[in-house]
Amino acid sequence: MDTLIASHIGLNPEAGEKMGAGIMKVKLVPQGTLVEQIRAYGAGLGGILTPTGTHTIVEEGKQVIHLNDLDYLLEEAIGADLALIKAHQTDHLGNLTYSKTARNFNPMMATSANITVCEATHLVDEIDPEIVITPHIFVDHFVIGGKTHDES
Amino acid sequence: MMNPKEIIAKRVAKELKPGNLVNLGIGLPTLVANEIPSDFEIYFQSENGLIGLGPYDASNIDQDLTNAGGQPVTLMPHGMYFDSSLSFSIIRGGHVDVTVLGALEVDSEGSLASWIVPGKMVPGMGGAMDLVTGSKKVIIAMTHTNKGIPKIKKQCSLPLTAYHQVDLIVTELAVIEVKKDGLHLIERHPDISIEDIIKQTEANLIIADVKLMEV
């Protein structure tokens with residue numbers, strides 16, 4: 001891996017070592033900006049305007065847009081070739097629910113990659129349609145307890 | 001003197017009002033939760049996706065239920081979970097009443113630096129930039145100096161977390177309000193003189209009516 005885009009690597013000493021040794025570039029992005037860049041790509045948007053990071057080094061090299069008396073940074077959408085996500089339950093099609101705070105970035109990641117692979121804890125026959133968080137159309141493959149299931 | 005962290009946490013807790021939605025940063029700010037009267041209904045938000053953050057409970061650990069620092073926590077009655085996009089809509093959209101966080105430096109214009117010491121410590125900003133940009137009130141909870149070196153500066157020397165966003169600075173020695181005309185010393189620890197506080201502060205302080213901190 002040549003570049004890592006993340007908001008915090010304090011709990012990942014390996015990333016810090018590789019960055020320090022110059023083996024890997026690390027682009028640090030405010031967490032609310034990163035999640036919205038990912039969401040934007042999956043939603044077909046070119047980017048987002050956020051006040052976060054204005055007048056800081058995050059602003060460097062970016063377009064500042066002045067709108068209704070406020071400054072915003074233009075942050076481009078981020079898509080991926082592959083998303084690896086973690087869910088709590090999946091049905092046979094790949095409709096997903098998540099568990100507690102382990103939901104975090106997973107639903108946005110699922111929408112913004114060409115191929116989304118999900119590891120789910122449980123495979124169930126049916127999920128109440130009211131509580132599905134990620135519709136199966138976003139999930140290409142899933143894994144339960146080490147076994148692969150191809151959704152297509 | 002009482003433990004400095006406890007003095008700071010007790011004083012910050014007095015800023016919170018029933019019904020407030022509050023985000024507490026990792027470290028010292030989390031101690032504020034211990035100082036809230038039990039009849040106060042305060043809703044704690046955590047940027048990894050919950051409202052209703054409860055205390056650590058060794059008998060009830062779930063790896064899927066953590067705070068933003070990855071430490072196990074619990075969920076209070078009526079609490080709920082959401083994804084990071086909604087979490088930062090709550091944060092950036094101005095729905096958080098108070099955010100409490102630590103800092104490496106704060107300056108006389110209310111800018112703060114908290115996320116990077118170039119070449120030394122580069123953990124990343126996490127959600128801090130969004131929190132201080134979007135919250136209605138930003139309180140810095142930190143020790144007054146770093147081993148004697150003032151942290152309240154004329155101007156921050158480290159890369160900023162945000163520009164002109166801090167409302168209140170609470171240390172173990174003083175309470176300082178950030179206003180358009182500068183930093184107002186509004187409270188001091190009863191055992192510390194105004195002169196001592198000035199000596200340990202690089203920024204100019206505006207001094208008029210200085211009350212005593214309740215410690």
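In chain A, 57% of the contacts with a separation of 6 or more join residues 24 or more positions apart, a contact being a pair of residues whose C-beta atoms, placed from the backbone, lie within 7 Å. The structure is a predicted model, in which local features need pLDDT of at least 70, side-chain atom pairs count only at pLDDT 80 or more, and totals for chains, interfaces and linings use all residues. Residues are numbered from 1 along each chain as its sequence is written, while chains are lettered from A and ligands numbered from 1 in the order in which they are written.

Chain A contains three helices and ten strands; these are DSSP runs numbered from the N terminus, helices being H or I of at least four residues and strands E of at least two. The order of elements from the N terminus is β-α-β-α-β-β-β-β-β-α-β-β-β. Along the principal axes, the C-alpha atoms of chain A fill a box of roughly 50 × 45 × 25 Å. Of its 152 residues, 35% are buried, where a residue is buried if 20 or more other C-beta atoms lie within 10 Å of its own, exposed if 12 or fewer, and partly exposed in between, with C-beta atoms placed from the backbone. Helix α1 (residues 13-20) of chain A lies largely in the open, because zero of its eight residues are buried. After α1(A) comes G22(A), with a positive phi near 75°.

Chain A is assigned domain 1 (3-76) and domain 2 (80-150), with bounds from an automatic or database domain assignment. The centres of the two domains, taken over C-alpha atoms, are separated by 25 Å. Each of domain 1 and domain 2 of chain A gives five residues to the contact between them.

The contact between the chains takes 31 residues from chain A and 29 residues from chain B. On the chain B side, α2 (84-92) and α3 (128-134) each supply at least two residues, and α2(B) provides the largest share, five residues. By class, this side of chain B has twelve nonpolar, eleven polar and six charged residues; Ala, Val, Leu, Ile, Met, Phe, Trp, Tyr, Cys and Pro count as nonpolar, Asp, Glu, Lys and Arg as charged, and the others, Gly among them, as polar.

Chain B also holds an open sheet of three strands, ordered β7-β6-β11, with mixed pairing; two strands pair if DSSP finds at least two bridges between them. The edge strands are β7 (112-113) and β11 (152-153) of chain B. Strand β6 (residues 105-107) of chain B is antiparallel to β7(B), with two bridges, and V106(B) stands opposite L112(B) in β7(B).

Methods. Contact = placed C-beta atoms within 7 Å.
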